[in-house]
Amino acid sequence: MTATRVLVLNSGSSSVKYQLLDMSDGSRLAVGLVERIGEETSRLKHSPLAAGGESRETTGPIADHDAALKAVAGELSRDGLGLDSPELAAIGHRVVHGGKLFTQPTVVDDAVLAEIERLIPVAPLHNPANLTGIRTARALRPDLPQVAVFDTAFHTTMPEAAARYAIDVETADRHRVRRYGFHGTSHAYVSRETAHLLGRAPEDVNVIVLHLGNGASASAVERGRCVDTSMGLTPLEGLVMGTRSGDVDPAVIFHLSRVGGMSTDEIDTLLNTKSGLVGLCGDNDMREIRRRIDEGAEAPEGSESAQDAARAQLAFDIYIHRLRKYIGAYYAVLGRVDAVVFTAGVGENAAPVREAAIAGLESLGLAVDSGLNAVRSAEPRLISPEGARVAVAVVPTDEELEIANQTYALVRNGNTSNGYTSNGNS
Ligand SMILES: Nc1ncnc2c1ncn2[C@@H]1O[C@H](COP(=O)(O)OP(=O)(O)O)[C@@H](O)[C@H]1O
Ligand SMILES: CC(=O)OP(=O)(O)O
Ligand SMILES: [Mg+2]
């Protein structure tokens with residue numbers, strides 16, 4: 001029997017998203033999500049699509065990513081899709097930081113694991129979870145290729161002018177300080193799907209991709225290659241995010257240290273987990289923010305509800321202001337833009353965000369048709385008026401599918417040597 005199935009694990013800081021796919025026909029056999037790992041109220045939602053079965057939900061404490069993965073393996077076994085299946089060809093893992101070294105999907109060996117571990121200081125929320133996922137999967141199926149697909153890989157085409165910070169070159173190189181960019185698997189997939197939506201080849205179009213999830217990033221994709229992106233050395237730079245500040249004057253950090261008396265770790269935690277939307281208004285979920293704004297619109301002036309709405313509105317306005325700055329910046333980087341595309345949880349679902357991000361940009365050829373923008377759909381779609389000079393689109397991302405495709409392409413011919421050689425140049 002040819003093994004044609006790929007299990008994909010997308011381990012985040014407190015969640016694991018997974019999909020089991022059959023690559024012979026691209027069908028999804030099972031999908032699921034473990035949330036709130038490490039809390040008392042962890043939740044596992046498992047949907048056995050192949051078996052046509054009902055989705056199952058279990059709640060209760062799941063202590064860490066190791067336990068989460070074992071729980072996932074248990075759910076898959078219940079449907080006869082366990083990790084012991086001879087039909088499994090490989091396990092594909094999202095790895096957030098791959099430095100400069102990993103430009104391609106890579107079969108994991110001890111040297112690769114060591115390199116992912118070395119990069120923990122520049123992806124402290126993500127790489128540890130990715131590592132645990134790989135180690136646990138490897139222990140469960142030591143004979144299977146484990147393939148790492150890196151968020152940074154798509155951005156390695158950025159020119160030096162975009163990738164370098166303007167700081168002393170020798171110091172930067174010694175400490176590998178440069179802009180790496182993240183969410184690359186999503187930017188690659190979505191920019192390609194956008195070209196297909198326009199009926200054109202990816203090599204013929206220039207696209208601005210706005211990946212707006214809990215983490216958020218923008219990228220400028222020229223003829224299929226990334227030429228700039230908003231995240232940098234770490235996933236902290238750029239857009240306003242759920243809990244991350246995005247861009248700040250670096251001197252804010254010196255100021256909080258010298259004048260505010262905060263330690264480096266405290267400032268790190270502040271900017272990564274207590275800033276962004278949650279820092280501005282107490283909520284990191286865009287649904288909640290829109291609800292507060294809408295409720296406040298009905299409330300009497302000066303009431304608690306109106307004040308609450310004003311805070312939510314300010315958070316929303318700051319989020320949008322930053323987003324518009326990046327749209328303008330990447331317009332200039334690309335010179336000619338064929339499409340601006342929204343993706344990920346906020347980008348795919350929050351019509352008010354899309355409308356506000358594009359409002360008033362007619363002179364750039366950008367506009368949103370409010371009727372099309374209000375349509376809810378899981379399909380890629382245009383939301384710009386017919387005949388618009390630049391397309392505005394919503395294209396759902398599918399990092400798991402992209403990881404599965406890249407993983408299977410690597411292992412299908414029995415090609416499991418990883419071609420990785422450490423040259424110390426990452
Ligand atoms: N219907 C919706 N309206 C507005 N925002 C939404 C909606 N659904 C999801 N979101 C937003 O999407 C975010 C999660 O996006 P997602 O891409 O799944 O993030 P991540 O992969 O970083 O966990 C949530 O925090 C929420 O703000
Ligand atoms: C890199 C990153 O920010 O990822 P996520 O959006 O999954 O947190
Ligand atoms: Mg995500």
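Modeller: Let's start with "around": a residue is near a molecule if its C-beta atom, placed from the backbone, lies within 6 Å of it. This is a predicted model, where local features need pLDDT of at least 70, side-chain atom pairs count only at pLDDT 80 or more, and totals for chains, interfaces and linings use all residues. Residues are numbered from 1 along each chain as its sequence is written, while chains are lettered from A and ligands numbered from 1 in the order in which they are written.

Colleague: Okay, which residues come nearest to ligand 1?

Modeller: Of the 14 residues around ligand 1, Gly213, Asn214, Met286, Gly345 and Asn349 come nearest. Helices are DSSP runs (H or I, at least four residues), numbered from the N terminus. Two elements, α10 (286-298) and α12 (344-349), each give two or more residues to that shell. The largest share, 4 residues, comes from α12.

Colleague: And which residues are around ligand 2?

Modeller: Gly12, Val96, His126, Asp151, Phe182, His183, Gly213, Asn214, Gly215 and Pro235. Domain bounds come from an automatic or database domain assignment; domain 1 (5-150 + 403-411) and domain 2 (200-395) each give at least three residues to the shell around ligand 2.
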